[in-house]
Amino acid sequence: MIAVIIYFKVELVELIVDLFVSDFYNGVLNILGYDSVSDSSGSAIMRYKFRNYTFDYINNNFNFFNFIFGAGYMTRWIDNPILQSYFDMGVIGFLFYLLLVVVYPIIGYF
């Protein structure tokens, strides 16, 4: 209740919350593939473009060797760790990534 009152009474808070909601909404639209909108920083639309570049590169340039070993470390930075691990290091790198980032912490926790 107090947050709602502050939102309507303090103009700066209203502007910040409105910008956050707008950027969040536009960022989700970008992630879903809509490129007609963009958040204020442009980061979500760039991630969308990097993802499209990566899929195009894989479809057009990968051969059997690349599917196993990838395109090479840091062929291009795409700001998507899971896709980056496959793009850079292929199936082997993707499996190592899952092992180090998902499986090892879970085993360590238990």
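1. Axes here are lines fitted to C-alpha atoms, for helices over the stretch in contact, with angles running from 0 to 180 degrees between N-to-C directions. Helices are DSSP runs of H or I with at least four residues, strands are runs of E with at least two, and both are numbered from the N terminus. The model is predicted, so local features need pLDDT of at least 70 and side-chain atom pairs count only at pLDDT 80 or more, while totals for chains, interfaces and linings use all residues. Residues are numbered from 1 along each chain as its sequence is written, and side-chain values use heavy atoms, with hydrogens and water left out.

2. Helix α1 (residues 2–9) and helix α2 (residues 11–31) have axes that come within 5 Å and cross at roughly 100°. The two helices are therefore roughly perpendicular to each other, on a scale where angles under 35 degrees count as roughly parallel, over 145 as roughly antiparallel, 65 to 115 as roughly perpendicular and the rest as oblique. Contact, meaning heavy atoms within 4.5 Å, is made by I6, Y7 and K9 on the α1 side and by E11, V13, E14, V17 and D18 on the α2 side. These residues divide into four nonpolar, no polar and four charged, where Ala, Val, Leu, Ile, Met, Phe, Trp, Tyr, Cys and Pro count as nonpolar, Asp, Glu, Lys and Arg as charged, and the others, Gly among them, as polar.

3. N30 lies in helix α2 and, at 0% relative accessibility, counts as buried; the cut-offs are under 20% relative accessible area for buried, over 50% for exposed and in between for partly exposed, with a 1.4 Å probe and protein chains only. The side chain of N30 reaches the backbone oxygen of Y34 at 2.7 Å. Leaving aside neighbours within four places in sequence, N30 is in contact with several residues, including D35, V37, D39, Y48 and R51.

4. T54, in helix α3 (residues 43–61), is likewise buried at 0% relative accessibility. Its side chain reaches the backbone oxygen of F50 at 2.8 Å, and T54 also touches I78, L83 and F87, not counting residues up to four places away in sequence.

5. Which aromatic pairs deserve a look? Rings of Phe, Tyr and Trp (its six-membered ring) pair if their centres lie within 6.5 Å, with planes under 30 degrees apart counted as stacked, over 60 as edge-to-face and the rest as tilted. By this rule the count comes to eleven aromatic pairs. The rings of F50 and W77 have centres 6.1 Å apart and planes at 65°, so this pair is edge-to-face. Because F50 lies in helix α3 and W77 in the loop between α4 (64–69) and α5, the pair ties together parts that are 27 residues apart in sequence. F50 counts as buried at 13% relative accessibility. The pair of Y109 and F110, with centres 5.1 Å apart and planes at 80°, is also edge-to-face, but both of these residues are exposed.

6. Most residues other than glycine have a negative phi. M74, although not a glycine, has a positive phi of about 55°; this residue lies in the loop between α4 and α5 and is partly exposed, with a relative accessible area of 39%. D79, again not a glycine, has a positive phi of about 55°, is found in the loop between α4 and α5, and is partly exposed at 27%.

Terms used. Polar contact = N/O pair within 3.5 Å; in protein donor to acceptor, adjacent residues only side chain to side chain.
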